[in-house]
Amino acid sequence: MYEIVFFDVDGTLYSEVDRVIPESTKVAIKRLYEEGIKVVVATGRPHNLCEELVSLGIDTLISSNGALVKNQSEVIYKSVISQRTVHELSSFAELHGHGISYFTDSISMNGIGVEEKRVRNALAETLGLVDYPSKLNTLPEEIYCICLYADESEAEKFIDNFPQLQFVRFHGYVMNVLETQIVSKSQAIKRVLDYYKIDVCNSIAFGDGGNDLDMLEFVGLGIAMGNGDEKLKQKADFVTKKASEDGIHYALTQFRII
């Protein structure tokens with residue numbers, strides 16, 4: 001019996017067409033709660049960009065691709081990037097003219113790429129942001145996630161100069177910068193399952209992107225959206241319809257979860 005469902009946000013809960021949550025998805029979430037099944041968000045977004053989801057009754061959030069896990073105001077887990085890494089990477093990015101975003105509970109940036117089309121497109125496609133986030137003038141003590149805006153060739157200089165860091169691409173122009181291998185959606189899901197004392201066999205996950213692959217492989221039932229990455233679809237247990245075509249509701253009814 002399934003007891004918990006993890007949802008990616010952009011392209012999964014939100015339609016890939018208009019960045020709006022389909023009504024059928026809202027109905028599905030309501031039905032899950034009525035069945036006594038927990039609902040958790042697992043997203044690359046910072047915490048504060050999940051407010052609409054909280055209004056649906058979702059109170060457990062995995063944000064920043066697994067670097068911050070909260071149940072309401074309680075922090076279940078957090079991974080803080082060292083100040084040295086933040087400062088060195090920020091200086092290098094500024095020297096070479098690359099945008100960087102910093103995730104705390106909210107998002108801010110280094111002020112580079114305000115008029116850069118690739119940066120603007122990436123912000124819209126990964127976070128649904130139309131406006132460039134505010135410039136971070138003073139680095140806070142706790143930053144959970146850094147995103148570097150660079151294509152494959154541009155990223156090489158960062159990879160060469162920071163061999164101690166991991167650069168994980170999840171978009172054609174965006175990479176997560178990590179200090180440790182234990183930051184991922186699947187590791188965050190493990191912590192949530194431990195927190196609620198739920199066996200992994202009784203968990204489901206929905207996703208559409210490359211950064212959802214590890215969580216779909218980890219859970220009991222991994223479901224890829226019809227609009228998802230082809231590699232993700234190949235690894236998923238089931239491929240549902242597109243988010244814009246009521247894919248979440250369709251899959252949950254197919255498996256008689258709701």
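Helices (H or I, at least four residues) and strands (E, at least two) are DSSP runs, numbered from the N terminus. The model is predicted, with local features requiring pLDDT of at least 70 and side-chain atom pairs counted only at pLDDT 80 or more, while totals for chains, interfaces and linings use all residues. Residues are numbered from 1 along each chain as its sequence is written, and side-chain values use heavy atoms, with hydrogens and water left out.

**Helix α6**

Next, select residues 185-196, which form α6. The expected span of a helix is 1.5 Å times one less than its number of residues. For the 12 residues of α6 this gives 16 Å, and the end C-alpha atoms are 16 Å apart, so the two values agree. Colour K185, S186, A188, I189, V192 and L193, which are buried (under 20% relative accessible area, with exposed over 50% and partly exposed in between; 1.4 Å probe, protein chains only). Viewed down the axis of α6, the buried residues fall within an arc of 155°, so they line one face of the helix; the arc is that of the directions from the helix axis to the C-beta atoms. An α-helix has 3.6 residues a turn, so residues three or four places apart point the same way. The buried residues of α6 pack against β1, β2, β3, β4, β11 and α7 (213-218), where contact means heavy atoms within 4.5 Å.

**The sheet**

Now display the open sheet of eight strands, ordered β5-β4-β3-β2-β1-β11-β12-β13 with mixed pairing. Two strands pair if DSSP finds at least two bridges between them. At the edges are β5 (74-78) and β13 (238-239), each of which pairs on one side only. Select β1 (residues 4-7) and β11 (residues 203-207), which are joined by four bridges in the parallel sense. Within this pair, F7 is opposite F206 of β11. Helix α9 (residues 247-254) packs on the sheet, touching β1, β11, β12 (221-224) and β13, and its direction makes about 150° with that of β11. Axes are lines fitted to C-alpha atoms, for helices over the stretch in contact, and angles run from 0 to 180 degrees between N-to-C directions.

**Strand β4 and its neighbours**

Move to β4, where L68 and K70 on one side and V69 and N71 on the other are all buried, so that both faces are covered. With β3 it pairs in the antiparallel sense over four bridges, and T60 stands opposite N71. The β3-β4 hairpin has four residues between its strands, and S64 in the turn has a positive phi of about 55°. On to β5: four bridges join β4 to this antiparallel strand, with K78 as the bridge partner of L68. Two residues separate the strands of the β4-β5 hairpin, and Q72 in the turn has a positive phi of about 55°.

**Helices α1 and α9**

Select α1 (residues 23-34) together with α9: they pack at an angle of about 40°, with axes 7 Å apart. That angle makes α1 oblique to α9, since angles under 35 degrees count as roughly parallel, over 145 as roughly antiparallel, 65 to 115 as roughly perpendicular and the rest as oblique. Show S24, T25, V27, A28 and L32 of α1, which meet I248, H249 and L252 of α9.

**Last stop: G99**

Finally, select G99 in the loop between α3 (83-96) and β6 (100-103). Its 4% relative accessibility is why G99 counts as buried.
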